[in-house]
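Hi,

Here's the structure I said I'd pass on. Have a look, and my notes follow below.

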Amino acid sequence: MKYLLFCLVIGVSFIFQSCGNKQVEENKKLREEVIAVHDEVMPKMGQLKSFEKTALQMAEDISKASPMDSVKIQELKNLAAELDQAYEGMFVWMRQYDVEDGEKTPEEVKTYLDDQMEKVSKVNQEIKAVLEKAEKSLRSGQ
């Protein structure tokens with residue numbers, strides 16, 4: 001009887017061990033996907049700041065040439081603020097992102113990484129959207 005109980009315990013532990021290893025591997029892939037979403041837009045950070053500077057310079061130039069054109073000036077300032085917000089959004093995400101699993105169970109890690117995927121995807125989309133908006137606005141000269 002003790003032998004049967006011992007075999008049962010060992011068998012169940014192997015099942016949990018194999019399931020845990022599978023989740024660990026899935027988490028590793030998910031972490032790579034999260035970083036890939038980050039890496040897609042990280043090289044565009046300089047472009048965000050460049051467009052921000054251009055928008056502010058255009059607003060200043062219009063202000064000097066035609067101070068009554070407050071609508072265009074405000075639109076450019078708002079665009080610059082959106083560009084800065086997208087830039088800061090990336091760094092906010094990066095500061096809160098844990099690269100280590102710590103003492104979390106594989107299931108807790110998966111939940112964490114799913115949440116991070118949502119957050120970094122949002123940052124990614126915001127950066128792409130504001131860059132597209134800036135390209136249209138700044139290239140057309142507004």
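Accessible areas here come from the Shrake-Rupley method with a 1.4 Å probe, and for residues only the protein chains shown count as cover. On that basis the chain exposes about 9,600 Å², with carbon and sulfur atoms supplying 59% of it.

Some housekeeping: this is a predicted model, so local features need pLDDT of at least 70 and side-chain atom pairs count only at pLDDT 80 or more, while totals for chains, interfaces and linings use all residues. Residues are numbered from 1 along each chain as its sequence is written, and side-chain values use heavy atoms, leaving out hydrogens and water.

The fold reads α-α-α-α along the sequence: four helices and zero strands (DSSP runs numbered from the N terminus; helices are H or I, at least four residues, and strands E, at least two). Buried residues (under 20% relative accessible area; exposed is over 50%, partly exposed in between; 1.4 Å probe, protein chains only) make up 29% of the 142 residues.

The structure holds three aromatic pairs (ring centres of Phe, Tyr or Trp, using its six-membered ring, within 6.5 Å; planes under 30 degrees apart are stacked, over 60 edge-to-face, the rest tilted). Tyr87 and Phe91 have ring centres 5.0 Å apart and planes at 55°, so that pair is tilted. Trp93 and Tyr97 are stacked, at 4.8 Å centre to centre and 25° between the planes. Ring pairs also link Trp93, Tyr97 and Tyr112 into a cluster.

Cheers
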